[in-house]
Amino acid sequence: MTSLTLVRRIRARPAIVFDAVTTAEGIAHWWGPDAGPVLLSESDPRVGGRYRLRFRMLDGTEHESSGEFLEVVRPERVVMSWRWKGGLEDPGESRVEIRLRAIPEGTELIFTHAQLHDEETRRSHEEGWTCSLDKLEAQTATGT
Amino acid sequence: MVNHHERLDRTFAALVDPTRRAILERLERKDSASISELAEPFAIKLPAVMKHLDVLDDAGLVTRSKSGRTVTVRLRPQPMREALAWLRRYERFWSGRLDMLAAYAESKEAEARRKGKKGR
């Protein structure tokens with residue numbers, strides 16, 4: 001499974017980091033990949049609750065992601081599903097997990113974003129199609 | 001999807017070896033290479049390179065085609081590129097987000113401590 005893991009050490013206690021990660025007010029302060037505004041930040045951080053985030057980038061494009069909270073253990077761990085609206089670049093659902101651990105200077109945050117199996121299944125289907133089309137093309141080219 | 005997962009296992013097993021990763025990196029930069037070109041930077045003999053190429057070929061990461069006496073090796077980009085593109089895109093994205101998150105949480109922590117002192 002393709003997955004990305006990042007670690008940060010933060011000089012703040014786990015409960016503060018956890019609320020910054022999960023509450024709508026917290027998310028609005030750090031979301032969006034550049035200095036463009038966060039347009040929408042909704043979050044219902046309990047199991048089965050949903051979140052929705054929209055930001056505008058400096059180039060004027062707007063992007064929205066949303067998903068569901070799958071596990072919420074304050075202040076230790078939160079797991080959510082993740083999907084881009086429209087999702088042309090990255091269709092399908094993935095999984096985001098954030099684990100927090102108290103350390104002397106504050107909190108160690110371990111972030112993991114993983115592609116899901118059904119996403120890989122879709123990709124492998126696509127590959128299958130590409131292969132078939134390549135074969136068809138090869139057959140046409142050789143005139144058989 | 002047993003086949004698919006077996007294939008992924010093979011892909012990751014192939015990627016564990018640093019020499020094989022270096023071969024893939026070279027192929028990523030060049031369009032194609034002969035086996036002797038690939039062997040050049042490594043302190044290993046041709047047969048060892050051939051063995052590495054067998055593993056990469058089994059994992060579907062390279063293709064080999066023979067023309068006369070020369071075997072041309074090409075990266076089979078589909079499985080690798082998709083995985084790498086996904087990783088690179090999200091690494092950049094999340095790295096920036098987490099820096100912002102850390103800065104915000106640290107400011108909240110400082111604020112909570114100021115309030116705590118006042119309350120005492």
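User: Which residues of helix 1 of chain A are buried?
Analyst: In this predicted model, the buried residues of helix 1 of chain A are P14(A), I16(A), V17(A), F18(A), A20(A), V21(A) and T22(A).

User: And what does that say about how helix 1 of chain A sits in the rest of the structure?
Analyst: Seven of the nine residues of helix 1 of chain A are buried, so this helix is largely enclosed by the rest of the structure.

User: What does A20(A) touch, leaving out residues up to four places away in sequence?
Analyst: With those neighbours set aside, A20(A) touches G26(A) and W30(A) in its own chain, and it also touches L101(B), Y104(B), A105(B) and K108(B).

User: Which residues touch the most other members in the largest nonpolar core?
Analyst: That core has 22 residues, and the ones touching the most other members are I10(A), V17(A), A20(A), V21(A) and I98(A), together with L101(B) and A105(B). Two or more residues each come from helix 1 (14-22), strand 3 (50-56), strand 5 (77-84) and strand 6 (94-103) of chain A, and also from helix 5 (77-119) of chain B. The largest share, five residues, is given by helix 1 of chain A.

User: What else is there apart from that core?
Analyst: Another core, of 14 residues, lies apart from it, and its members include I23(B), V49(B), A59(B) and L61(B).

User: Ok, the interface then. How many residues are in contact on each side?
Analyst: On the chain A side 26 residues are in contact with 24 residues of chain B. Strand 1 (3-10), helix 1, helix 2 (24-30), strand 7 (106-115) and helix 3 (117-142) of chain A each supply at least two residues of the side that touches chain B, and helix 3 of chain A gives the most, with five residues.

User: What is that side of chain A like by class?
Analyst: The side of chain A that touches chain B has 13 nonpolar, six polar and seven charged residues.

User: What ipTM and pTM does the predictor give the complex, and what pLDDT does chain B average?
Analyst: The predictor gives the complex an ipTM of 0.78 and a pTM of 0.65, while chain B averages a pLDDT of 83, with 86% of the residues scoring at least 70. Where pLDDT is low, the predicted coordinates should not be read in detail.

User: Switching to the fold: in what order do the elements of chain A run?
Analyst: Chain A has three helices and seven strands, and from the N terminus on they run β-α-α-β-β-β-β-β-β-α.

User: How many residues are between strand 4 and strand 5 of chain A?
Analyst: Strand 4 and strand 5 of chain A form a hairpin with three residues between them. P75(A) is found in the loop between these strands, and the peptide bond joining R74(A) and P75(A) is cis, with omega about 0°. As background, most peptide bonds are trans.

User: Last one: what share of chain A counts as buried?
Analyst: Of the 144 residues of chain A, 23% count as buried. As for its contacts with a separation of 6 or more, residues 24 or more positions apart account for 34% of them.

Methods. Residues are numbered from 1 along each chain as its sequence is written. Chains are lettered from A and ligands numbered from 1 in the order in which they are written. This is a predicted model: local features need pLDDT of at least 70, side-chain atom pairs count only at pLDDT 80 or more; totals for chains, interfaces and linings use all residues. A nonpolar core is a set of buried Ala, Val, Leu, Ile, Met, Phe, Trp, Tyr and Cys residues joined through C-beta atoms within 7 Å. A residue is buried if 20 or more other C-beta atoms lie within 10 Å of its own, exposed if 12 or fewer, and partly exposed in between; C-beta atoms are placed from the backbone. Helices (H or I, at least four residues) and strands (E, at least two) are DSSP runs, numbered from the N terminus. Two residues are in contact if their C-beta atoms, placed from the backbone, lie within 7 Å. Two strands pair if DSSP finds at least two bridges between them. pLDDT is the predictor's confidence in each residue, from 0 to 100. Ala, Val, Leu, Ile, Met, Phe, Trp, Tyr, Cys and Pro count as nonpolar, Asp, Glu, Lys and Arg as charged, and the others, Gly among them, as polar.
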